[in-house]
Amino acid sequence: MNKSYIFGLLAILLTLSGCEHETYETGEGSLSLTTTDFGMMHSSEAQRADYVVTDDGRRLNFATPAIAEWATTADSLYRVLAYYKVEADSSIQPVSMNQVIVAPLYETVQLKAVPTNPLTFTSAWAGGGYLNVGFSVKTGKQDGDMQTQRIGFARDSIRIIDGKRVSFIRMMHEQNGQPEYYSVRSYASVPWPEKCDSIVLSVNDYKNAIIKGIPSER
């Protein structure tokens, strides 16, 4: 695979219906009584899921199948932000399964270009064997077309600091010529590098450059 075109595999497809589109709800409105967890969703069949294993190791067996129209393959695992309700009888009712981007980690030296168009950084943490990043991008409609932007991650170096193995990773973002009218929130997860004690993440935020240290969940 030509590594200079990796972003084609990591596209966020953003369809806007108003001035601001929230890919992930914040627990208000219709989802205000739900619980949310990051985890791995199992598809019992295409577009249906029977359980989620949360990042803290709990298995949530759904009383009724969860609908996930984007899960096209049966008997597969997908990374999700799961919204669900625990009923009085302790049964678990799924509310919404929001897919989380899972991006491979590339080495910067392998890439011909490292696009770092600005975005809005909100959070980063270790969990579920991943580096997880919350962020927002700005986009807008052009002639009614679906808007596409691209997210990726590249490791600049590995260093030993105070006896600990530290990976220096850069978040890549390609605006792809899209207008910057509306904010769209999302999450991305990257498999935690092997034998890595911590990560120093660099993000080009609209306000300033972000450099954040994230320790391993071990």
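Student: Which residues line the largest cavity?

Tutor: In this predicted model, the lining of the largest cavity is made up of T122, G134, F135, S136, R185, S186 and Y187. Two elements, β10 and β13, each give two or more residues to that lining.

Student: What makes this a cavity and not a pocket?

Tutor: A cavity is a set of points where a 1.4 Å probe fits but cannot get out, whereas a pocket is an open set.

Student: How do the lining residues divide into nonpolar, polar and charged?

Tutor: There are 2 nonpolar, 4 polar and 1 charged. Arg counts as charged, Phe and Tyr as nonpolar, and Gly goes with the polar ones.

Student: Let's talk rings. Why are F38 and Y187 called an edge-to-face pair?

Tutor: Two rings pair if their centres lie within 6.5 Å, and planes over 60 degrees apart count as edge-to-face. F38 and Y187 come in at 5.0 Å centre to centre with 75° between the planes, so they pass on both counts. The pair links distant parts of the chain: F38 belongs to strand β2 (residues 35–45) and Y187 to strand β13 (residues 182–191), 149 residues apart.

Student: Why is F38 called buried?

Tutor: Buried means under 20% relative accessible area. F38 has 15% relative accessibility, so F38 counts as buried. Y187 also has a relative accessible area of 15%, so Y187 is buried by that cut-off.

Student: And what makes W70 and Y78 an aromatic pair?

Tutor: Their ring centres are 5.4 Å apart, which falls within the 6.5 Å limit. With 80° between the planes, the pair is edge-to-face.

Student: How do you know that the charge of K138 sits over the ring of Y206?

Tutor: The distance part of the test asks for NZ of Lys or CZ of Arg within 6 Å of the ring centre. The charged end of K138 is 4.5 Å from the centre of the Y206 ring. R159 lies over the face of F168, at 4.0 Å from the ring centre.

Student: What is the bridge partner of F168 in β14?

Tutor: That's V200. Strand β12 (residues 164–174) pairs with β14 in the parallel sense over 5 bridges, and pairing takes at least two bridges. Strand β15 (residues 209–215) runs antiparallel to β14, with 7 bridges joining them. L201 stands opposite K212 in β15, and β14 and β15 form a hairpin with 4 residues between them.

Student: What makes β14 mostly covered?

Tutor: Of the 7 residues in β14 (residues 198–204), 5 are buried.

Student: One more: why do β7 and β9 stand at the edges?

Tutor: The open sheet has 4 strands in the order β7-β13-β10-β9, with mixed pairing. β7 (101–102) and β9 (120–127) each have a single partner strand, so one side of each is left without a neighbour in the sheet. For β9, 7 bridges make an antiparallel pairing with strand β10 (residues 130–139), where the bridge partner of A124 is V133.

Terms used:
Residues numbered from 1 in each chain as written. Predicted model: local features only at pLDDT ≥ 70, side-chain atom pairs only at ≥ 80, totals over all residues. Heavy atoms only, no water. Buried < 20%, exposed > 50% of the residue type's maximum accessible area, 1.4 Å probe, protein only. Phe/Tyr/Trp six-rings, centres within 6.5 Å; stacked < 30°, edge-to-face > 60°. Lys NZ or Arg CZ within 6 Å of the ring centre and 35° of its normal. 1 Å grid on protein atoms, 1.4 Å probe; cavity = no way out; pocket = protein on both sides within 12 Å on 5 of 7 lines; lining within 4 Å.
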